[in-house]
Amino acid sequence: MELTWGWLGLLLLVATVVVAGLSWWRARQEQPGEAVLAAHTRRLTELGAYRNALARTRVRLLALTALLVLALVPAAWAASRPAEAQLVQPEKRNRDIMLCLDVSGSMAVTDQAILHSFADLVGGFQGERIGLILFDSQAVTAFPLTDDYDLVRTQLEEYAKGFGSYGGSGLDPRAGTWNLNSPGTSLVPDGLASCVLGFDQREDTRRPRALILGTDNMVVGRGVYSQDEAFEQAEALGVRVYALDPLAFGPQHDELVVATEGTGGRTFGLGDEGAVPFITEEIERLEAARLPDSRPQYLRTDTPRWPVLLLVASLLGYLPLAWRWRR
């Protein structure tokens, strides 16, 4: 915590102490004035009732003084303008990451694990916008690019539940991804093209973008795009494609490896323990290299809540007592 105007709080404390000292000094210098002097009052002042009344008055004055001091401290604290300060990297918020998941039948037993891998990846990011698109014979946007990480985690958890319960609980990941008029299923090129088109601000080709594709690349039928056309579209937009493949062998996997490396990305087997940290580090390192050279910004946020609450509580304690004991 920092005090933006610490001098103002200190000035308030010093001024209060000076005013209190001058008031005490003037009070001791004042003449009795109209006071009536009385002799032989010892019998009165030694009475128990008198002593008790005098003690109560002193206790009340001490209590009121303590409450004033308690009010003065948070008042000086609030006047000092307390704030939370931190260094932020604004350029990180320029990065977009699209999660793209094949939910076709051949992926049924592995999609839940891929969603968990997506959740692990999201846990390593900070500030990036993240989106999720699901596809089979057609693509459905689960959520668009957003930096609301609570929503991202919740959606990934709910879709993972949906895979685990076959739609009995959580969100149904296959809802809307099946088109009866489509010429095939598991149309990975069409799904990839839809994910690439899910990036906004496409006129800005220098904007760092990454796409994480979960698929076994088992295409059945022919859609609108071929694999080459879909990856060319990604390259044209400057999108690096990283893939998680549950079947990390065979010609389909080899095609995926070549295609992702053509965009600057890489393909991993789903069980590869190094996939999550590698993709996270690569996105941080490689994408950061394409960012404009900008310095971290110093961000200060005022936090007056506690001093104001303490000040109000002190005054609420002082004013009723001062009014009652004055009577």
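User: How many bridges join strand β6 to strand β7, and do they run parallel or antiparallel?

Analyst: This is a predicted model, where local features need pLDDT of at least 70, side-chain atom pairs count only at pLDDT 80 or more, and totals for chains, interfaces and linings use all residues. Residues are numbered from 1 along each chain as its sequence is written, and side-chain values use heavy atoms, with hydrogens and water left out. Helices (H or I, at least four residues) and strands (E, at least two) are DSSP runs, numbered from the N terminus. Two strands pair if DSSP finds at least two bridges between them. Here six bridges join β6 (residues 209-214) to β7 (residues 239-245), and the two run parallel. Within this pair, Leu 211 has Val 241 of β7 as its bridge partner.

User: What is the strand order of the open sheet?

Analyst: The order of its six strands is β5-β4-β3-β6-β7-β8, and the pairing is mixed. β5 (139-146) and β8 (267-269) are the edge strands, each pairing on one side only.

User: Are the residues of β7 buried or exposed?

Analyst: Buried means under 20% relative accessible area, exposed over 50%, and partly exposed in between (1.4 Å probe, protein chains only). In β7, seven of seven residues are buried. Val 239, Val 241, Ala 243 and Asp 245 point one way, while Arg 240, Tyr 242 and Leu 244 point the other way.

User: Which helix leads from β6 to β7, and what is the hand of the crossover?

Analyst: With the strands pointing away from the viewer, a right-handed crossover runs clockwise from the first strand over the helix to the second. The chain passes from β6 through helix α7 (residues 227-236) to β7, and this β-α-β crossover is right-handed. Another right-handed β-α-β unit consists of β7, helix α8 (residues 250-262) and β8.
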